[in-house]
Amino acid sequence: MVEASLAAVKVEELLKEVRVDYTKTKSVEAAVAGLQKFLLGLSEAEVSPSLAGKFVNELGVSEEKCLFRFQKPDAVEVIGSFLTQSVTKPVQNVDLAVRIPKACFHEKDFLNYRYHAKRIIYLCAIERELSKSARYQKIEWAPFTEDATKPILVVYPDVATKFVLRLIPTISTEHFDITKFGLERNNVRLAKSKEGVALPTPHYSSSIVEDMLLLEHSAWLHSHLSKSPAMRDAICLAKVWLRQRSVDGYYNGLNGFMISMLIVHLSTSAGKFRISEHMSALQMFRVTLDSIGTMDVLGRGITMQKIEGKYESPDIKQMKTTFEVLMVDPSGRLNLTHRLTKSAVAELKDDALRTLETMKNPRDAGFETVFMTRVGFAAKFDCHVRIAKPSAVSASPRCLDQGSWRLYEKKLETVLTRAFGERALLVRVLERMLPAGWRPSEGLACIGNVPLLAGIQFNNLDIAFRLADIGPGADDKEEARKFRAFWGQKAELRRFKDGKISETAVWECEPTQRHLIVEQIVHHVLQRHLAIAPSDITVVAGQLDFAITVRGKDQAAVMPTILEAFETLSKRLRSMEDLPLRVVSVQPLSPEFRYAAVYYPQPHPLAAEVKESNPLTKAVGACLDPLEVVIQLEGSGRWPDAPVAVHRTKLAFCLNIASRMQEKWGVHCIASEDAVDILMEGFAFRLSILYEKDRTFINKEKLASALSSGGALPVKVGAAALNAQPASLKEDRLLRSMHASILHGLHGLYPAFSPTVRLAKRWVASHLLSGVIVEEAVELLVAYLFVNPAPFPRPSSRATGLLRFLHLLERHDWLLAPLIVNVNGSMTLADEEVIMSQFRKLNRDSGTDCEGPAMYLSTAYDLCSETWTRDCPNSKGLKRLVAYAKSSSALLTNMIMSGDSNVKWQTLFRTPLGCYDAVVRLNEQSLAHPSRLLFPVELDIPAVVTKKKPNDILAMISPTVMKAGALAARNYVLIGFDPVDYYVKDLRERLGESCLVFYDHLGSDVLGVTWTTTASSKKRREEKVVGTIDVTAVVKHLSEAGAGLVKSVHLSDKVRGAFTVNVQESVATESKEAAGHERASKKLKRSEVNRKKKSRALKKMRSLV
């Protein structure tokens, strides 16, 4: 009951925000009355087709067929949501049905788009008169139900209101003979087959009948909704839901009117009374979604309750054959969904099913996800296809049963659906619409010139990225012919292992580039079937690959080799019988093993079993990233209790293991105080021991909760160890072991997890935020996208995955809500209650510094976010992270939708440097891995310090050492060494809390430094406040701490002035001191000369004596 009431409270608050208070609409009603009076007072006049000449011509209607005498409307009536009191903010329209007099039409004007031509000319005449009045701020044109052939007028009244008035032309059922609009009739004479046979025009006829029945539909809705406030609220909820899913507003989508008709239908006998007047608005909304998703009422077809005396029995079978989606109106004359397609209903059904699943949330029915989360086109689909210049539209005529641009869109969708087959769950072409600010003088040709965008939602990636499309067998001649006709030269006969011979289309690519197969497919079929040039096709598939590749190659291809080497090491460790305690488990810790590393170590010639000391002929890298592995020994009661003694005992074990490995297998081992580096098969494995009493950040009670709820732990944890904490997160092997074991299986379940988390980490680092958030926290954020993807489907591509990651950072309310990452489903409702209870105890008031972690991440082993985000990001760091995510998500969405060049995609990973007080450039050759540098930094501010280029190249072993042979060169390999990490650590020790250092630990040649003064950033920018920072001292530290690494130091304009003053004062002081020293020196010299003279005189006197 508590959970249900919480959902009801949230829904009621939402309704308060989106409802309109109709007791405060007097100004709008006055504006409506004034407009009605104005329209009904218009004078009769001659109108010329030239008012909409281009539009009329492109409809294919001659001017002489459009001549008529303008007469005032027969009536101007309020219809739609304002009449039924179901207006839902922020869209606030008052729809006015302007009934065009019958005298304006001829008997045959329902043919060949004459009605549409006269309709817009009539509106143009009204616009001309309205523009002369000062009572209206602005008049615009917009398509009615997104139909470009039926524009309407949007009038902005000159009153203090957010309402706009929409003038919608209508006609009565007596204007034309209703029987002329049968589904089998041809009302556009040019619509003929290749053989010259007249084709039926059901969509064209429906567009006219729609206008004839508009008033009847509005009256039918009003009669049902006027007595049911709860149903009106349910319609408001449905409209909010549709808008959040970007469905409302599509030409080929469910709009507010259709969802209103559907909800009312479900409350009638024809809808089997699924909606009852005793239900709440939320229950009605849930029933509506269940009808769309589970019962598939749109897919099966709907026939609404009859209007007594006006009903004509429709031919349902013929309607289902004619239209893809069926919703017969109460009159039986019109299919309300004649514009919808099967793909639109499939998308809507998918959204409804996901929403119903989300609403099973027992706390608040998934309120935030259902009603508050925007599901944009770019983030919904996995792959996006953009056609820049559709060679679409036939010259004449542009409009037959439908506009030629619509037919082209349907053809594109058909071709892509056939090409992807079972690779895709859904293929959706975004319908083109009239551009904003459109006017009739621009005609309809502008629609055909708008780029086309298609979205593809992948099936299982093993199917979506398969290397071959297998067609019919060779014995099925007809199907084989169709297969070859579609795929063209790509089709070939192939014999498979089972002996079967089938038609096959094969796509060749590298193992790490299988995500690019979809690009090959799209280019092939669009060139073959639609004659689209390759330069006009953009497929969003591999545009972000540059960020996680090195010299164009994905280093993840080495993973099978790494796993093979790890398996060998694991077997060797377990087989060592002569150790005091036997090795019982070997667990990988490094992100490489869970496919979450941005870059992967490549086999190193000096990390293999080197036996001969021959000179090396090829250049060899000096820095090698270790692969961390933790082992657990069998239990024993002889372990010491003192932490220092435990540490030394583990060190002794490591030395023993290293010695046995060298003796038995001849591998090279390097021992240190904390671990042993084992060089074998080209890799460096860093081995450490996990003991049950190791110190950990994990809280005892929370760990017990995780264990009781079924969370698997790699070790048996001693209670005495749980109260102590290690020096850093990196030293907490128990925590890292649990994290690794929980995330290890995600790559197998969701293949897109690996490229998504790699891109997310690279994005964080490229914006110099490596010190703001730890990598494990990024992994948990990405894992959340896959285990809790609602309201989206799970991401199946890297670009979509990165966009969802940025949306999560940007949209989640970090101040007021924890993020619960239930990776393996082991967390119970009781655990979630504990999380919420602990979170509510914190003071998270936005006006003060929030208590607890700024980013509250809860997992099965860490319910209260005491580990990865305990110290970072802090509130300021989180604000910076969210700000960058907001701008990057907008940029990425724009690039997906607009299909920009590859150069612009790089800007996603270029960080602005103008926000830093100091920028430090690093020597590229001094980086541990120069090849991982995405792009050199570009600075347009002068340097205040410039350092000489070092002679040695850190990243490569010197030629002199290489000549000495492999055994000698192996001693110069630096395992796990990164000069940037040490430089940043040194700077933080030198500068303390006076400065913040921002850096990229993955490979960048720049660092950013800001002063942590008490002045606000705005005041610092306006007044150039430097605070108490000794700029000269800071520059000195930046330069001295990075000797050999730093190339130059740059200061922002406001700081450079202070630095110049400090330098001048320092120079003046040094000049004064130098002058004083010079005077003292001269005085000493004179005294010394006098002393020497006296000494010589005394000697001369002694000689004379």
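**Around the second largest pocket**

Tutor: The residues lining the second largest pocket split into 23 nonpolar, 11 polar and 16 charged (nonpolar is Ala, Val, Leu, Ile, Met, Phe, Trp, Tyr, Cys and Pro; charged is Asp, Glu, Lys and Arg; the others, with Gly, are polar). Keep in mind that this is a predicted model, where local features need pLDDT of at least 70, side-chain atom pairs need 80 or more, and totals for chains, interfaces and linings use all residues. Numbering starts from 1 along each chain as its sequence is written, and side-chain values use heavy atoms, without hydrogens or water.

Now for the space itself: the second largest pocket holds about 1800 Å³ (the volume filled by probe spheres set on grid points, joined across faces, edges and corners). Its lining takes in 50 residues, and if you want to find the middle, look for Asn361, Arg363, Thr369, Tyr784 and Asn788, which are the closest to the centre. The elements that each give two or more residues to this lining are α1 (2-18), α13 (342-358), α14 (367-372), α27 (775-787), α28 (798-811), β23 (819-820) and α29 (829-840). Those names come from DSSP runs, numbered from the N terminus: helices are H or I of at least four residues, strands are E of at least two.

On a 1 Å grid over the protein atoms alone, a 1.4 Å probe fits in a cavity but cannot get out; a pocket is an open set with protein on both sides within 12 Å along at least five of seven lines, and lining residues have an atom within 4 Å of a point. By this rule, the model has five cavities of 30 Å³ or more.

The second largest cavity has a volume of about 110 Å³. Its lining is made of 11 residues, and those nearest the centre are Asn252, Thr341, Glu409, Lys410 and Glu431. Helix α16 (residues 404-420) gives the most to this lining, with four residues. Sorted by class, the lining of the second largest cavity has two nonpolar, three polar and six charged residues.
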